[in-house]
Amino acid sequence: MTVEQRAGRRVAIAPSVLTADLVRLADAVAAIEAAGADYVHLDVMDGRFVPNITIGIPVVEAVADVTHLPVDVHLMIVEPERYVDQFIAAGAQIVTVHVEASVHLHRTVQRIREAGAQAGVALNPATPLAAIEEILPFVDLVLVMSVNPGFGGQTFIPTSLGKIERLRRMIDERGARAVIQVDGGIKASNIRRVVDAGADIIVAGSAVFTPERSVAEAMALLREALGEA
Ligand SMILES: O=C(CO)[C@@H](O)[C@H](O)COP(=O)(O)O
Ligand SMILES: [Fe+2]
């Protein structure tokens, strides 16, 4: 994408429901949809790849059944290739796997696309961009983790900004089609910097689901920080 094309683009926001009231998950999804979210981001954790266990296939299916938003599934699980078909059958439109978790990443990405979803690859904060050099032409999305995966509500790691800038250059120089998603610790106070570094899709969990304000107010605050409200 050229600088000119990027200048006119609208940034997408993908709220993560990880810190929502999960007893009222349908209400949380309806609230982000009404507030103009572009995706619903679902964080799947297995207690092995990350030290936390969250939701699985039935919850993804339940969310897909009650929303028009594209369902963006972030798999923080070992051997994700064993489950991608089931997540896609459940309604996932984007399936992102961690490069650290899939030995035959090219095969996994191919399988996600064959099954009809968009394929994303995610990088932990300590994983260098070199890990995606070979897979870049085959993916729809690269997810830069700006916290160590496993929990919502953590603090943004500032060195992520340089990594996003370098990834932006890598994608643009190679003419790759992948979009850049950034996930972890993004608030109204830093969203502009993340977008200026090159992000196309912002994941925001605790900034959207917070006791401090309604979902609608929180989303408006993020848009305002982007200069879009
Ligand atoms: O994947 C993850 C955490 O592992 C994220 O999607 C978080 O759930 C985002 O939450 P905040 O950092 O925005 O609170
Ligand atoms: Fe996530």
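**Helices, sheet and ligand**

Mentor: Helix α6 (residues 160-174) lies across β6 and β7 (179-183), and runs at about 170° to β7. Helices (H or I, at least four residues) and strands (E, at least two) are DSSP runs, numbered from the N terminus. Axes are lines fitted to C-alpha atoms, for helices over the stretch in contact, with angles from 0 to 180 degrees between N-to-C directions. Contact means C-beta atoms, placed from the backbone, within 7 Å.

Trainee: Experimental or predicted?
Mentor: This is a predicted model: local features need pLDDT of at least 70, side-chain atom pairs count only at pLDDT 80 or more, and totals for chains, interfaces and linings use all residues. Residues are numbered from 1 along each chain as its sequence is written, while chains are lettered from A and ligands numbered from 1 in the order in which they are written.

Trainee: What order do the strands of the open sheet have?
Mentor: β1-β8-β7-β6-β5-β4-β3-β2, eight strands with parallel pairing. Strands pair if DSSP finds at least two bridges between them. β1 (12-15) and β2 are at the edges with a single partner strand each, so one side of each has no neighbour in the sheet. The twist averages 25° from one strand to the next.

Trainee: How many bridges join β5 to β6?
Mentor: Four, between residues 118-123 and 141-145. A122 stands opposite L143 in β6.

Trainee: Switching topic: what does V142 touch?
Mentor: G120, V121, I132, L167, A178 and I180, leaving out residues up to four places away in sequence.

Trainee: And which strands each supply at least two residues of the shell around ligand 1?
Mentor: β2 (40-45), β3 (71-76) and β8 (201-204).

Key. Two residues are in contact if their C-beta atoms, placed from the backbone, lie within 7 Å.
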